[in-house]
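Biologist: Thanks for sitting down with me. Shall we go through this one together, question by question?

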There are 2 protein chains.
Amino acid sequence: MAGPIRRFSEFHWEDTDLLAYKEEGSAPFKAITRQVLFRHPALKSELRYFEIEAGGYSTLERHQHVHAVLTLRGEGQCMIGGQVFGIGENDLVTIEPMTWHQFRANAGEALGFLCMVNVDRDKPQLPTPDERKALAENPAVKTFFGE
Amino acid sequence: MAGPIRRFSEFHWEDTDLLAYKEEGSAPFKAITRQVLFRHPALKSELRYFEIEAGGYSTLERHQHVHAVLTLRGEGQCMIGGQVFGIGENDLVTIEPMTWHQFRANAGEALGFLCMVNVDRDKPQLPTPDERKALAENPAVKTFFGE
């Protein structure tokens, strides 16, 4: 048995694999890694840590399951349901069902965050070109998209 | 609607009540507060933040449900199943079912930690005097108990 404690050092945790965010080519994303901090047979949710390198971004997606996010490292931005928010140290983000969302690190700094989700959850959906275009009608989202 | 972001400031979160750890007199504890960071009807677990003031401690207890803990502030100690561990920044602690456990802040410093648990969970059990005495047979635990 590994023991009850897994030590933290420079945003890696002991006995915790540093994983690709998703399978390469499965969806658009850039410069992001994943560590599963807690996935236990008795727990109905799991806690993951995602880290986006400076200039990187998560996939623009939506799904029925809820995300509960806590910023653990750095600062960045998120787009939630057509609005853009700056996020920093320990800020909490709730992503409601079927809400388009995406996270971006700022240019000069990594963004790391915890994300709690149910173990049983649906697969994310990607936007159609029209859905993406509708989001970008908000100038703040257009800028967020880098367009 | 409160919006998707709840800002952090000095270990309090926006729109988040600062609660008593437990009902006073229900179990032994000292100098500890609770904030529920995420409790959402669609999530099967919840995420709480506990903060123990310098010199304070959580209840010595055990239960069937699993605790998944991440240290967010300061340093302290925990007793897990008869062993004592120092914990600090972002260290992870898994508390398996029916394992006696207790957290303590160090003398000069608050200890704050996230704790993920299932929403549906059993009530904690307190030790009998004999069970507590058995734990204190380990000198490190005896010291941890302050005996």
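Modeller: Gladly! A word on method before the symmetry: copies are superposed by least squares on the C-alpha atoms of residues with pLDDT of at least 70 in both. Please keep in mind that this is a predicted model.

Biologist: Then let us begin with the two copies. What rotation superposes chain B on chain A?

Modeller: Two copies of a chain are related by a rotation about an axis and a shift along it. Here the shift along the axis is 0.0 Å and the RMSD is 0.0 Å, with a rotation of 180 degrees. That is the relation of a two-fold axis.

Biologist: What share of the contact residues of chain B recur in chain A?

Modeller: The contact involves 30 residues of chain B and 30 residues of chain A. The same surface serves both copies, and the share that recurs is 100%.

Biologist: Which element gives the most to the side of chain B that touches chain A?

Modeller: Several strands of chain B supply at least two residues each, including β1 (5–6), β6 (45–57) and β12 (111–118). By class, this side has 20 nonpolar, five polar and five charged residues. The element that gives the most, with four residues, is β10(B).

Biologist: Which residue is the bridge partner of Ile5(A) in β10(B)?

Modeller: Strand β1 of chain A, residues 5–6, pairs with β10(B) across the two chains. The sense is antiparallel, over two bridges. In that pairing, the partner of Ile5(A) is Val93(B).

Biologist: Stepping back to one chain, what radius of gyration does chain A have?

Modeller: Its C-alpha atoms fill a box of roughly 55 × 35 × 30 Å along the principal axes. For 147 residues, a compact globule would have a value near 15 Å, and chain A agrees with that, at 15 Å.

Biologist: Which residue in the hairpin of β8(A) and β9(A) takes a positive phi?

Modeller: Strand β8 of chain A, residues 76–80, is mostly covered, with four of its five residues buried. Five bridges join β8(A) to β9(A), residues 83–87, and the two run antiparallel. Ile80(A) stands opposite Gln83(A). Two residues lie between the strands, and the one with a phi near 55 degrees is Gly81(A).

Biologist: Which residue of β11(A) stands opposite Ile80(A)?

Modeller: β8(A) also pairs with strand β11 of chain A, residues 101–105. That pairing is antiparallel, over five bridges. Opposite Ile80(A) stands His101(A).

Biologist: Over in chain B, how many residues of β11(B) are buried?

Modeller: In a regular strand the side chains alternate between the two faces of the sheet. In β11(B), His101(B), Phe103(B) and Ala105(B) on one side are buried, and so are Gln102(B) and Arg104(B) on the other. Of its five residues, the number buried is five.

Biologist: And Gly55(B): is this residue buried, exposed or partly exposed?

Modeller: Gly55(B) is found in strand β6 of chain B. Leaving aside neighbours within four places in sequence, its contacts are Ala31(B), Ala105(B) and Ala107(B). A residue needs 20 or more other C-beta atoms within 10 Å to be buried, and 12 or fewer to be exposed. Gly55(B) has 15, so the class is partly exposed.

Terms used
Residues are numbered from 1 along each chain as its sequence is written. Chains are lettered from A and ligands numbered from 1 in the order in which they are written. This is a predicted model: local features need pLDDT of at least 70, side-chain atom pairs count only at pLDDT 80 or more; totals for chains, interfaces and linings use all residues. Two residues are in contact if their C-beta atoms, placed from the backbone, lie within 7 Å. Ala, Val, Leu, Ile, Met, Phe, Trp, Tyr, Cys and Pro count as nonpolar, Asp, Glu, Lys and Arg as charged, and the others, Gly among them, as polar. Two strands pair if DSSP finds at least two bridges between them. The radius of gyration is taken over C-alpha atoms; the globule rule is 2.2 Å times the number of residues to the power 0.38.
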